[in-house]
Amino acid sequence: MKAFSILIALVLSSLVSDAQVPDLMNWKLDSLPVGERFYTANHSADNWLFKLTGGKWKVVQNKDGQQKGDSIPPGLITSDVKRKVGLERGQSFVKRVSDGFLVGKDGGEFGGGLFFIGLDGGLLVVRDRINVRSIIEYNGKLLAIEGLAHLGSYSGQILEIFKEGDRWSCRLLTTLVDAPILIERFGDELLIVTSQHLLKLGRGFKTTEVLKSPIYWGSLYPTSMLIDRTDLYLAMRQGVLKIKDFESQPVYAWYVL
């Protein structure tokens, strides 16, 4: 009986530790930023990010979020390569592969690209003038989410990155309803946050709409997403958005500090 009790305690402890719930103890619940309040939120100096610290998900200021993913070893690339890729401005995502590093660049309206940097520091432009937000492995494929929401243009797509012989390339896998921002695993599927939608991508690489946000959260620049079973949290400019029961009957809660 004692052994059974210990087992139950360990299982419960594991479930609690795996839960992706941000620490909002000192935050206050507010109404959704709409109307003039949305303009205030858009111009807030607070840009929030979820960060795992000491076993807890903290909400911190996003001060150094220019490069995400894996790290490129110091000294591998020259200043000229850094300049061509644009690693010192805008946002980039790095994915380590067997023969080097794939780098997705999002330069906003100034453009970006998908690049490959070899282990010798050499540079290959896989595709120019695209805005790559993230690179993720899923269902045996290497995927990149790409798109831009700017001046009435809301294009978005998912690209498959692959290698032909000794050269990296990419091709269109599927289009999206608007520009993608974040992507995370959710069981056997992927969740994609776009400028105003939450989408699912299944194993057949087909997207389905989960919900459309009551606010245009793309203008609040979401930085990170946490999923706690049926609830979803987004860290963004000015606050944290919680969506309870996001797959069935979404209820929105806006937290500010």
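Let's start with the largest nonpolar core. It has 22 residues. Six of them touch the most other members: Leu191, Trp217, Met225, Leu232, Leu234 and Phe246. Keep in mind that this is a predicted model.

Now zoom in on Leu232. What does Leu232 touch, leaving out residues up to four places away in sequence? Leu191, Met225 and Phe246 are among its contacts.

Next, the aromatic rings. How many aromatic pairs does a search of the whole structure find? Four. Take one of them, Trp27 with Trp48. The centres are 4.9 Å apart, and the planes are at 70°, which makes the pair edge-to-face. Trp27 sits in the loop between helix H1 (2-18) and strand E1 (28-30), while Trp48 is in strand E2 (residues 48-53), so the pair ties together parts 21 residues apart in sequence. Are these two buried or exposed? Both Trp27 and Trp48 are buried.

Last, charges over rings. Arg96 has its charged end over the ring of Phe101, 4.9 Å from the centre. Arg171 lies over the face of Phe162, with 4.0 Å to the ring centre.

Notes
Residues are numbered from 1 along each chain as its sequence is written. This is a predicted model: local features need pLDDT of at least 70, side-chain atom pairs count only at pLDDT 80 or more; totals for chains, interfaces and linings use all residues. Side-chain values use heavy atoms; hydrogens and water are left out. A nonpolar core is a set of buried Ala, Val, Leu, Ile, Met, Phe, Trp, Tyr and Cys residues joined through side-chain atoms within 4.5 Å. Buried means under 20% relative accessible area, exposed over 50%, partly exposed in between (1.4 Å probe, protein chains only). Contact means heavy atoms within 4.5 Å. Rings of Phe, Tyr and Trp (its six-membered ring) pair if their centres lie within 6.5 Å; planes under 30 degrees apart count as stacked, over 60 as edge-to-face and the rest as tilted. Helices (H or I, at least four residues) and strands (E, at least two) are DSSP runs, numbered from the N terminus. A charge sits over a ring if NZ of Lys or CZ of Arg is within 6 Å of the ring centre and within 35 degrees of the ring normal.
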